[in-house]
Amino acid sequence: MTIRTLIVDDSALIRKVLSDILNEDPKIRVVGTAVNGKDGLEKVRKLRPDVVLLDNVMPVLDGLKTLARIMKEQPTPVVIVSALGERAEEITLTAFEYGAVDVIEKPSGILSQSIPEMAEEICRKVRTASKANLKNLGCMRDSEPLNPEKDEVKENRIPEKAAPVRNVLAIGASTGGPRALEKLIGSLPAEIPAAVLVVQHMPPGFTASLSKRLDAKSALRVKEAREGDRVEEGTVLIAPGNYHMEIVRDKVNSLEEVVHLSCGPKELGSRPSVNVLFRSIAPVYGSRVISLVLTGMNCDGAAGAEEIKKMGGRVIAEARSSCVVYGMPGEVVRRNLADLVLPLNRMAEEIIRIIQ
């Protein structure tokens, strides 16, 4: 079945570039373009596309208001086309709360970029979005922020003397992941006896804003990982976009484990890769690992979960009932690697039960 796609962007150049890229894919056909949100809404009603590519900053009617109207009037999978820049990244993350399926970085420096690699990612995300379960992209705007006093305590926390990490919670997610991470990490208590490591497939630049947003909505300290960051309980480290994250023994203090970031080859089309993280922690933490494979397309995480199982760790897969896309957790289940298959709203409770 051909995926009928609508492109909504105020830049004629971007509309042309995206149209050319998508029309090269035999499974995708661009059925229309729109110059702003108002024009986009009219064409969504008229053309009834399978997927909408939506600019996040536009005149007349901006991306967020357009997205909100689409999801209310005619729910359709929407992929945000976002430029880099702090304000743009924050708008994009808010778009996930309004029901966006995924984000692609807006093409720039077109003549100097590797067009084939960029094109493959854009087409892959459109194909994935067409399969999204929109029922599981409910609005999250009702999430209550943490008490500001808690944020102050969290921000000024002085790291304790190095002590062995009792448990490691390793999470892999892709399409639908920002929503899932906010719900899951926001449900974990501040004093959880575990370090939390996250790989979320996102373009470079967006993981820093995601980390800040999750930090504001969680009792845990959440930050984008940097080279040499210490793995410690009560802290969530998120792999930065375009970098693989591995955990290694500290060369100076062998009692500690630290982050190592690399720009090695993409694995299964992704960098960061869930498999890379999982494989690195399996021999370091063994039976202390609880790995979670959440919503996302394809099979990243399954091979790494197999290594975790071999070393005595646990594997939890998100149930189809709560996934936006069941690919990644579905592959874990298909390979018979999951110790538990749980909907998102039951995961935090089960994790706490296991580690306590």
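This report describes the overall build of a predicted protein model and then turns to some of its salt bridges and to one glycine.

## Basis of the model

Because the model is predicted, local features need pLDDT of at least 70 and side-chain atom pairs count only at pLDDT 80 or more, while totals for chains, interfaces and linings use all residues. Residues are numbered from 1 along each chain as its sequence is written, and side-chain values use heavy atoms, with hydrogens and water left out.

## Overall build

The protein chain has 12 helices and 14 strands, where helices (H or I, at least four residues) and strands (E, at least two) are DSSP runs numbered from the N terminus. Its radius of gyration is 20 Å, close to the 21 Å that the globule rule gives for 356 residues, so the chain is as compact as a globular protein of that length; the radius is taken over C-alpha atoms, and the rule is 2.2 Å times the number of residues to the power 0.38. Along the principal axes, the C-alpha atoms fill a box of roughly 60 × 45 × 40 Å.

Of the contacts in the protein chain with a separation of 6 or more, 74% are accounted for by residues 24 or more positions apart, a contact being heavy atoms within 4.5 Å.

## Surface and charge

Buried residues make up 57% of the 356 residues; buried means under 20% relative accessible area, exposed over 50%, and partly exposed in between (1.4 Å probe, protein chains only). The accessible surface of the chain comes to about 15600 Å², of which 51% belongs to carbon and sulfur atoms, the areas coming from the Shrake-Rupley method with a 1.4 Å probe, and for residues only the protein chains shown count as cover.

The chain carries 49 positive and 48 negative charges, whose mean positions are 5 Å apart. In this count Lys and Arg are positive and Asp and Glu negative, while His and the chain ends are not counted, and the place of a charge is NZ of Lys, CZ of Arg, CG of Asp or CD of Glu.

## Salt bridges

The structure holds 28 salt bridges, each being a side-chain nitrogen of Lys or Arg within 4 Å of a carboxyl oxygen of Asp or Glu. One of them joins the side chains of Glu-73 and Arg-45, at 3.2 Å from N to O. Glu-73 lies in helix H3 (residues 63-73) and Arg-45 in helix H2 (residues 37-47), so the pair ties together parts that are 28 residues apart in sequence. Glu-73 is partly exposed, at 41% relative accessible area, and Arg-45 is also partly exposed, at 39%.

Another salt bridge links Arg-334 with Glu-331 at 2.7 Å, N to O, and both residues lie in helix H11 (residues 327-334), 3 residues apart, about one turn of the helix. Arg-334 counts as exposed at 62% relative accessibility, whereas Glu-331 counts as buried at 14%. In helix H12 (residues 344-355), Arg-353 and Glu-350 are 3 residues apart, separated by about one helical turn, and the closest N and O atoms of their salt bridge are 2.5 Å apart. Arg-353 is exposed at 56%, and Glu-350 is buried at 14%. Elsewhere, salt bridges that share partners join Glu-90, Glu-97, Glu-182, Arg-213 and Lys-217 into one network.

## A glycine in a loop

Gly-269 sits in the loop between strand S11 (257-262) and helix H9 (274-285), where Gly-269 is partly exposed, with a relative accessible area of 34%.
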